[in-house]
Amino acid sequence: MLQHNRHINKYNLNSPKGTALNSKSKSAVLLVKFWLKQITKCIKIVLSNWKEISVIVISILLMILWIPVVFNKIVNFTENKASMLRQPLPHTLAITLTYAVPAIEMLTSILLCINSTRRLGLLFSAALMSIFTGYVGLAVFHVWSDNLPCSCGLIAPISWKLHFWFNLEFMLLSIAGYLLTKNIKVEKARLWKPGHTHKTE
């Protein structure tokens, strides 16, 4: 009986169905191995270039912030000007800022888009967000009235307090991005320093 079962199993494995099943199993294993290899390769690339990838992600997030803000200020220029004139600022300064702020924000967006000028764009972004965060902070801490209109250009109106934390987060992102670009520049300069030996695999 046992010999008969072995004979049947052997027959089943050598049958067309058994061969097809075995072939599919091997294909599935090879496919899994292939994708595991690709995923491992991607993880290695990400880990070895995490600073550059982080800078790109931060720059994209900042562009998502600045581009709609600039667009909103240009489209609603009259409202933005009226809102700026109601701020506790000298009239001449308020008029100047009405034109200057959107122009600087647009320049910042452009600088962030270009790899060679991204570091400068992150510096501009950090400076702008630091100024805006400080300005909003004065309203939050009642240095002046928090009933003043916000002329930041955000699509959805938010409270001064929420605006403060929002600005603070993007300010820290900008600073982190700038410091990363600075670190990358130092590492590249050290790598290409005369006399430095390059490791080859």
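Helices, as counted here, are DSSP runs of H or I that span at least four residues, and they are numbered from the N terminus. By that count the protein chain of this predicted model has 7 helices and 0 strands, and along the sequence its pattern reads α-α-α-α-α-α-α.

**The chain as a whole**

- Of the 201 residues in the protein chain, 27% are buried, and the accessible surface of the chain comes to about 14200 Å², with 70% of that area belonging to carbon and sulfur atoms.
- When contacts between residues at least 6 apart in sequence are considered, 69% of them join residues that are at least 24 apart.

**The largest nonpolar core**

- The largest nonpolar core holds 15 residues, and those that touch the most other members are Leu62, Leu65, Trp66, Leu112, Leu122 and Met129.
- Helix 3, helix 6 (118-140) and helix 7 (160-191) are the elements that give two or more residues to this core, and helix 3 gives the most, with 7 residues.
- Leu122, which is one of the residues that touch the most other core members, is in contact with Val55, Ile58, Ser59, Leu62, Leu112, Ser174, Gly177, Tyr178 and Thr181, once residues up to four places away in sequence are set aside.

- Ser125 lies in helix 6, and it counts as buried because its relative accessible area is 0%, where the cut-off for buried is under 20%.
- The side chain of Ser125 takes part in a polar contact of 2.9 Å with the side chain of Ser174 and in another, of 3.1 Å, with the side chain of Trp66.
- Leaving aside neighbours within four places in sequence, the residues in contact with Ser125 are Leu62, Trp66, Thr108 and Ser174, and of these Leu62 and Trp66 are also named among the core residues that touch the most other members.
- Ser125 and Leu173 are separated by 48 residues in sequence, while their C-alpha atoms are 9.3 Å apart in space.

**Ser59 in helix 3**

- Ser59 is found in helix 3 and is buried, because its relative accessible area is 1%.
- A polar atom of the Ser59 side chain lies 2.8 Å from the backbone oxygen of Val55.
- Beyond residues up to four places away in sequence, Ser59 touches Leu112, Arg118 and Leu122, and Leu112 and Leu122 are both among the core residues that touch the most other members.
- The C-alpha atoms of Ser59 and Ser125 are separated by 9.6 Å, although the two residues are 66 residues apart along the chain.

**The Lys73–Glu105 pair**

- Side chains of opposite charge can pair when their charged atoms come close.
- A search of the whole structure finds 1 salt bridge, and Lys73 forms a salt bridge with Glu105 in which the closest N and O atoms are 3.0 Å apart.
- Lys73 lies in helix 3 and Glu105 in helix 5 (residues 91-113), so the pair ties together parts of the chain that are 32 residues apart in sequence.
- Both Lys73 and Glu105 are buried, and Lys73 falls in that class because its relative accessibility is 4%.
- The side chains of Lys73 and Glu105 are also joined by a polar contact, listed at 3.0 Å.

**His163 in helix 7**

- His163 lies in helix 7 and counts as buried because its relative accessible area is 3%.

**A nonpolar patch on the surface**

- Ile53, Ile56, Val57, Ile60, Leu61 and Ile64 form a nonpolar patch on the surface, and together they have about 480 Å² of accessible area.
- Ile60, one of the residues in this patch, lies in helix 3 (residues 50-75), and it counts as partly exposed because its relative accessibility is 42%.
- Helix 3 therefore holds both Ile60, which is partly exposed at 42% relative accessibility, and Ser59, which is buried at 1%.

Definitions and conventions. Residues numbered from 1 in each chain as written. Predicted model: local features only at pLDDT ≥ 70, side-chain atom pairs only at ≥ 80, totals over all residues. Heavy atoms only, no water. Patch = residues over 30% accessible without salt bridge, like charges linked within 9 Å, V, L, I, M, F, W, Y side chains within 5 Å. Areas by Shrake-Rupley, 256 points an atom, 1.4 Å probe, with all protein chains shown as cover. Salt bridge = Lys/Arg side-chain N within 4 Å of Asp/Glu carboxyl O. Buried < 20%, exposed > 50% of the residue type's maximum accessible area, 1.4 Å probe, protein only. Polar contact = N/O pair within 3.5 Å; in protein donor to acceptor, adjacent residues only side chain to side chain. Core = buried A, V, L, I, M, F, W, Y, C linked by side-chain atoms within 4.5 Å. Contact = heavy atoms within 4.5 Å.
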